[in-house]
Structures are given as C-alpha cells and as structure tokens.
Amino acid sequence: EEIYQHYTGAETIAYESWPTYDESKLVLDNVTIVAQVNGKVRGKIEVAKDCDDEAVKEKAMELDTVKAQLNGKTIRKVIVVKNKLINLVAH
C-alpha cells in the first residue's frame, strides 16, 4: 500500500481494477510440428500456422535425421495432423 501510494499518489490499491490484456498478442503465427518416421520422433520443424500439408512435408524432408531414416526407402504414406505432427511411413 505504501509503495503504491508513494509512486501513484492514489489512496489505496484495494479499489483499483485488474490489469487488462490484448487478445491479439496471444495468437501465434508459427507452430512447432513434430516430424516422425515410422512413428518415431526424428525432429521438430517450425512452420506457419495452418500451413498446407505439402509444405509441411517438404520442410520435414529437409531435416538431416529424417533424410538418414528415409535413405534407400520408399515413402508409402504421409500422415499430417494439422499444427501438431507429420509422420512419414516408409519401407
């Protein structure tokens, strides 16, 4: 109370309103997506929120750990969960 009165000149802090926030500052433009090969985590990538599946696949294929796991294998299926993960199934 004494510090508040000293710096603001107001009587008491008990009757002041709570601070407000700006909801627009809480929205994320980018998300971190987990890159998996055959269900095992091989890395993480940073992409724009709600990015299309093909762009996510290209970004995941750039990871060295993913490249190493796919060496000599054929991608059979690509599973993308929006804004969460990508799983490359290869044999």
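**Exercise 1. Find the salt bridge that Lys-82 forms, and describe where its two residues lie.**

Solution. The structure is a predicted model, in which local features need pLDDT of at least 70, side-chain atom pairs count only at pLDDT 80 or more, and totals for chains, interfaces and linings use all residues. Residues are numbered from 1 along each chain as its sequence is written, and side-chain values use heavy atoms, with hydrogens and water left out.

Step 1. Apply the criterion: a salt bridge is a side-chain nitrogen of Lys or Arg within 4 Å of a carboxyl oxygen of Asp or Glu. A search of the whole structure gives 1 salt bridge.

Step 2. Name the partners. Lys-82 pairs with Asp-53, and their closest N and O atoms are 3.5 Å apart.

Step 3. Lys-82 sits in the loop between strand 3 (75–81) and strand 4 (85–90), while Asp-53 belongs to helix 2 (residues 53–61); the pair links distant parts of the chain, 29 residues apart. Helices (H or I, at least four residues) and strands (E, at least two) are DSSP runs, numbered from the N terminus.

Step 4. Check exposure. Buried means under 20% relative accessible area, exposed over 50%, and partly exposed in between (1.4 Å probe, protein chains only). Lys-82 has a relative accessible area of 44% and is partly exposed; Asp-53, with 40%, is also partly exposed.

**Exercise 2. Describe the backbone angle phi of Asp-50 and of Asn-83.**

Solution. 

Step 1. Read the two values. Asp-50 has a positive phi, near 60 degrees. Asn-83 is not a glycine either, and its phi is positive at about 60 degrees.

Step 2. Locate both residues. Asp-50 is in the loop between strand 2 (40–48) and helix 2, and it counts as exposed at 51% relative accessibility. Asn-83 is in the loop between strand 3 and strand 4; its relative accessible area of 25% makes it partly exposed.

**Exercise 3. Determine how far Ala-48 is from Leu-28 and from Ile-13, and list its contacts.**

Solution. 

Step 1. Place the residues. Ala-48 is in strand 2 and is partly exposed at 40% relative accessibility. Leu-28 lies in the loop between helix 1 (2–8) and strand 1 (30–37), and counts as exposed at 58%.

Step 2. Take the C-alpha distances. Leu-28 and Ala-48 are 20 residues apart along the chain, and their C-alpha atoms are separated by 9.0 Å. For Ala-48 and Ile-13, 35 residues apart along the chain, the separation is 42 Å.

Step 3. List contacts (heavy atoms within 4.5 Å). Leaving aside neighbours within four places in sequence, Ala-48 touches Asp-29, Asn-30 and Val-31.
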